[in-house]
Amino acid sequence: MNPPLPSNASHEVDAIVFDLGNVLIRWDPRNLYRKIFGSDVAAMEQFLADVCNTEWNEQQDCGRPWKDAIDDAVARHPKHEANIRAYFERWSEMIPGDIAGTVDILKQLRSLDIRLLALTNWSAETFPIAQERFPFLGWFEGIVVSGRERMMKPDPAIFRLLIERHQLRPATTAFIDDSLRNVHAADHEGLLGIHFTSPDNLRTQLKALGVPLSEAA
């Protein structure tokens, strides 16, 4: 079943804002740490829960330098120093590739009279790695990167910054994110929030908003 469409759906969408991680680019630290921990899945999960966890990583997404993050984690968990340092030194191994179906949608949108932007929770220090690796990031009119702004979704301030910087009309701007809390935050700012679950569902929801996409190849 497709997720419900936004209740304030407009058929005059003139801008679409994409989240990047796990919408266009696959990201999971397990892609790296399965190599490090091998068959000891429990140890890997404990490390990602207790040492380099989501809360720790989000501070880099909010602008904390990686050097400070690593120093802090090593001071608290000295036995894990090598694995902590790998989080940054081998960060590129966490992103195995793009999500082809979403990239196909983005490619179609480029031919339409719709503005394309991105809003991502991402470290300012690692984002250039993604830019070099994924040419489609150059298709966006603008990308707001949380680590550069020192604020992150779902903070209302970063949505307001996006809207003001790019002179968006929230009522005619669709916002796509795999995180429901971010979608709800976007809805609160008047954007047309779409919860990303798969490229097929995204295509269905955009078409329901009046975006003239063709069927997937």
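Predicted model: local features only at pLDDT ≥ 70, side-chain atom pairs only at ≥ 80, totals over all residues.
Helix α1 passes helix α2 in a right-handed crossing. The contact between them is made by R30, Y33, R34 and F37 of α1 and by A43, M44, E45, F47 and L48 of α2.

Now look at the geometry of the pair. Helix α1 covers residues 30-37, and helix α2 covers residues 41-50. Their axes come within 9 Å. They cross at roughly 130°. Angles over 145 degrees would count as roughly antiparallel, and 65 to 115 as roughly perpendicular. The two helices, α1 and α2, are therefore oblique to each other.

Next comes the sheet. Strands of a sheet pair through backbone hydrogen bonds, either parallel or antiparallel. Here five strands form an open sheet, with parallel pairing. Read across it, and the order is β3-β2-β1-β4-β5. Strands β3 (142-145) and β5 (192-195) stand at the edges. Each has a single partner strand, so one side of each is left without a neighbour in the sheet. From one strand to the next, the twist averages 20°.

Strand β2, residues 115-120, runs parallel to β3, and four bridges join the two. Within these strands, A118 stands opposite I143 in β3.

A helix also packs on the sheet: α10, residues 180-188. Helix α10 touches β4 (173-177) and β5. The direction of α10 makes about 170° with that of β5.

Terms used
Residues numbered from 1 in each chain as written. Heavy atoms only, no water. Axes fitted to C-alpha atoms, helices over the stretch in contact; angles between N-to-C directions. Parallel < 35°, antiparallel > 145°, perpendicular 65-115°, else oblique. Left-handed = near helix turned anticlockwise from the far one by under 90°. Contact = heavy atoms within 4.5 Å. Pairing = 2+ DSSP bridges.
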